Amino acid sequence: MNIGWYLAVSAIVFCVGAFGVMVRRNPLVTLLCLELMLNGANLALIAFSRMWGNGDGQILAIVVMTVAACEVCIGLGMIVAIHRRRLP
């Protein structure tokens, strides 16, 4: 398959995530949209890694997934803590 198809899907996923971050006000949906943006970037990294025939992009994608998992854990913990403080 041509790399253009992978990059097109990557751009679509990234744009959907960016649109969701800009439009939505719910913090959980914003976190999900940030994950979409990171997955779009990961898809582009892996596509370029396959095109050039080395594993550098794949290693960087694994690092990005690790950072994304940490970001979701911290973000979700902050959302729960804020929600608990608002309860009477």
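The protein chain has a mean pLDDT of 92, and 98% of its residues reach 70 or more. pLDDT is the predictor's confidence in each residue, from 0 to 100. This is a predicted model, in which local features need pLDDT of at least 70, side-chain atom pairs count only at pLDDT 80 or more, and totals for chains, interfaces and linings use all residues. Residues are numbered from 1 along each chain as its sequence is written, and side-chain values use heavy atoms, with hydrogens and water left out.

**Confidence**

- Within the protein chain, helix H1 (residues 3-23) has the highest confidence, at 96.
- H3 has the lowest, at a mean of 90.
- Where pLDDT is low, the predicted coordinates should not be read in detail.

**Overall build**

- The protein chain contains 3 helices and 0 strands. Helices (H or I, at least four residues) and strands (E, at least two) are DSSP runs, numbered from the N terminus.
- Starting at the N terminus, the order of elements is α-α-α.
- The radius of gyration of the protein chain is 16 Å, whereas a compact globule of 88 residues would have one near 12 Å. The radius is taken over C-alpha atoms, and the globule rule is 2.2 Å times the number of residues to the power 0.38.
- Along the principal axes, the C-alpha atoms fill a box of roughly 55 × 25 × 15 Å.

**Surface and contacts**

- Of the 88 residues in the protein chain, 22% are buried. Buried means under 20% relative accessible area, exposed means over 50%, and partly exposed lies in between (1.4 Å probe, protein chains only).
- The protein chain exposes about 6600 Å², and carbon and sulfur atoms supply 73% of that area. Accessible areas come from the Shrake-Rupley method with a 1.4 Å probe; for residues, only the protein chains shown count as cover.
- Take the contacts in the protein chain between residues at least 6 apart in sequence: 52% of them join residues at least 24 apart. Contact means heavy atoms within 4.5 Å.

- Thr30 sits in helix H2 (residues 27-52).
- The Thr30 side chain reaches the backbone oxygen of Asn26 at 2.9 Å. A polar contact is a pair of N or O atoms within 3.5 Å; within protein, one must be able to donate a hydrogen and the other to accept it, and residues adjacent in sequence count only if both atoms are side-chain atoms.
- Not counting residues up to four places away in sequence, Thr30 touches Val21 and Arg24.
- Rings of Phe, Tyr and Trp (its six-membered ring) pair if their centres lie within 6.5 Å; planes under 30 degrees apart count as stacked, over 60 as edge-to-face and the rest as tilted. By this rule there is 1 aromatic pair.
- Phe48 and Trp52 form a stacked aromatic pair, 5.4 Å centre to centre with 20° between the planes.
- Phe48 and Trp52 are 4 residues apart in helix H2, so about one helical turn separates them.
- Phe48 is partly exposed because its relative accessibility is 29%.
- Trp52 has a relative accessible area of 62%, so Trp52 is exposed.

- Val64 lies in helix H3.
- Val64 counts as partly exposed because its relative accessibility is 21%.
- Leaving aside neighbours within four places in sequence, Val64 is in contact with Leu38 and Asn42.
- Val64 and Arg25 are 39 residues apart along the chain, and 25 Å separates their C-alpha atoms.
- Thr66 is placed in helix H3 (residues 56-86).
- Thr66 has 46% relative accessibility, so Thr66 counts as partly exposed.
- From Thr66 to His83 is 17 residues in sequence and 26 Å in space, C-alpha to C-alpha.
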